[in-house]
Amino acid sequence: MLRFALLFLALLALPIKAATVSNLYQAQVVMPADGQNADQTAREQGFKQVLIKVTGDQNIAKNNVIAQALKNSSGYVSQFSYGQDNGQQTLNLSFDKVQIKQLLTQAKANYWSEQRPDILVWMADDNGNSRDILWDQSTNALVADTKQAANIRGVPVTFPIGDFNDVTALHVSDLWGSFVDPISSASKRYNAGGLLLVKAIQQGDDKVELSWQLYTQKPSTIATDTQPITGKASGTLAQASSNMMNQVANQLAQKYALALGSSAAGEVNIEVDNVNSTEDFFTLERMLNHMTTVSSANAVNIKGDKVIFRMNLSASTAEFKRELSHDSRISADDYAVTNNNSAVTTAPATDVSTSSNAVDVSATQVQSPVQQSENYVAPDNIYTWHN
């Protein structure tokens with residue numbers, strides 16, 4: 001019972017490292033004007049929208065397995081209702097997460113989980129008379145259009161609030177000149193997972209040209225020599241915003257989406273060093289068990305600040321390592337892996353798979369009991385935990 005109580009307390013203190021996209025499996029579709037097969041047409045359109053959000057792939061409908069599933073979209077719907085949006089009738093749809101993941105596995109398609117980096121958007125607008133930073137509550141339609149376009153692609157975005165701290169930390173000339181140091185410094189307070197810097201040049205008749213730079217790193221890790229991903233979009237405000245966010249979402253998906261349907265690697269043992277407290281242990285355990293590529297993660301050995309987990313993978317080892325590399329709280333110790341056989345095989349540790357009291361909760365340090373098991377499990381890879 002004590003172990004479960006500590007687990008509950010540790011979960012309450014978990015840091016937020018990414019945003020959770022809550023509407024990933026929902027879609028709202030305007031009903032077609034033609035009443036014939038209107039529901040089916042709208043349902044297929046909503047299903048396609050959800051599949052693009054979940055995979056990050058705008059061309060997912062070209063996959064043969066997906067194309068067949070689109071024709072039978074009703075089987076994937078968990079809830080639906082009718083509504084109104086600006087005087088137009090809409091079909092509001094919710095799709096079954098488990099069935100969609102099974103479908104993507106069968107199609108050997110990509111999967112982008114609900115945990116996605118929150119992108120901080122710094123946008124400077126040049127209207128011909130002045131240049132201004134667009135804040136979260138700005139009445140400029142570019143803000144609302146960008147938010148809507150990001151929502152359609154399942155990309156969490158945040159605009160700076162524009163309070164005294166923001167106004168004094170960053171001048172529009174810094175943003176227009178793409179000066180990394182002041183932008184990075186002004187961004188730290190938002191704890192974002194990436195930066196999107198946008199320069200908007202108004203061209204009249206509701207037309208705009210957007211030049212954007214995407215940094216997929218946390219602001220605190222961006223250096224002056226860090227090269228961003230760049231792009232351009234133009235058209236009406238809505239068109240340019242949609243095109244820009246499609247490009248940005250495609251880039252993020254290339255980094256974060258994982259390939260499903262590949263041969264699972266089975267069991268892999270990893271050692272994680274620098275696990276210094278029960279809170280560290282439970283946070284790490286929870287993180288591993290919530291990974292897309294992991295079926296289960298169980299601690300099998302604990303000694304000092306080192307914990308060995310037996311990982312049952314649902315994907316390839318390469319995909320597991322790629323997913324793990326996205327979390328800044330853990331990093332691979334390549335040197336230790338290279339020297340694994342000579343460095344760690346002589347150190348016996350406690351087998352916690354058979355002991356419910358393996359974590360000594362009488363102190364903040366994770367300790368092994370006095371009586372040690374000789375059933376030592378050699379790790380395949382070694383990582384360091386950054387608490």
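Which residue forms a salt bridge with Glu114, and how far apart are the closest N and O atoms?

Modeller: Happy to! A word on the ground rules: this is a predicted model, in which local features need pLDDT of at least 70 and side-chain atom pairs count only at pLDDT 80 or more, while totals for chains, interfaces and linings use all residues. Residues are numbered from 1 along each chain as its sequence is written, and side-chain values use heavy atoms, with hydrogens and water left out.

The partner of Glu114 is Lys97, and their closest N and O atoms are 2.7 Å apart. The pair joins distant parts of the chain, since Lys97 belongs to helix α4 and Glu114 to the loop between β5 and β6, 17 residues apart. A salt bridge here is a side-chain nitrogen of Lys or Arg within 4 Å of a carboxyl oxygen of Asp or Glu. Helices (H or I, at least four residues) and strands (E, at least two) are DSSP runs, numbered from the N terminus.

How well hidden are the two partners? Glu114 counts as buried because its relative accessible area is 17%, and Lys97 counts as partly exposed because its value is 37%. The cut-offs are under 20% relative accessible area for buried and over 50% for exposed, with partly exposed in between (1.4 Å probe, protein chains only). Leaving aside residues up to four places away in sequence, Glu114 touches Ala19, Thr20, Val21, Leu24, Tyr25 and Lys97. Contact means heavy atoms within 4.5 Å.

Now follow Lys97 into its helix. α4 covers residues 97-106, and Ile100, Leu103 and Leu104 are buried in it. Seen down the axis of α4, the buried residues fall within an arc of 95°, so they line one face of the helix; the arc is that of the directions from the helix axis to the C-beta atoms. Here is a handy rule: an α-helix has 3.6 residues a turn, so residues three or four places apart point the same way. On the face of α4 turned away from its buried side sit the exposed residues Val98, Gln102 and Gln106.

After α4 comes Lys108, with a positive phi near 55°.

What does the buried side of α4 pack against? Its buried residues meet α2, α3, β4 (88-95) and β5. Two of these neighbours also touch each other: Gln40, Glu44, Phe47, Lys48 and Leu51 in α2 meet Ile66, Ala69, Leu70 and Lys71 in α3. That contact has five nonpolar, one polar and three charged residues. In this scheme Ala, Val, Leu, Ile, Met, Phe, Trp, Tyr, Cys and Pro are nonpolar, Asp, Glu, Lys and Arg are charged, and the others, Gly among them, are polar.

Finally, back to charges: the salt bridge count comes to nine. One of them joins Lys147 and Asp136 (2.8 Å, N to O).
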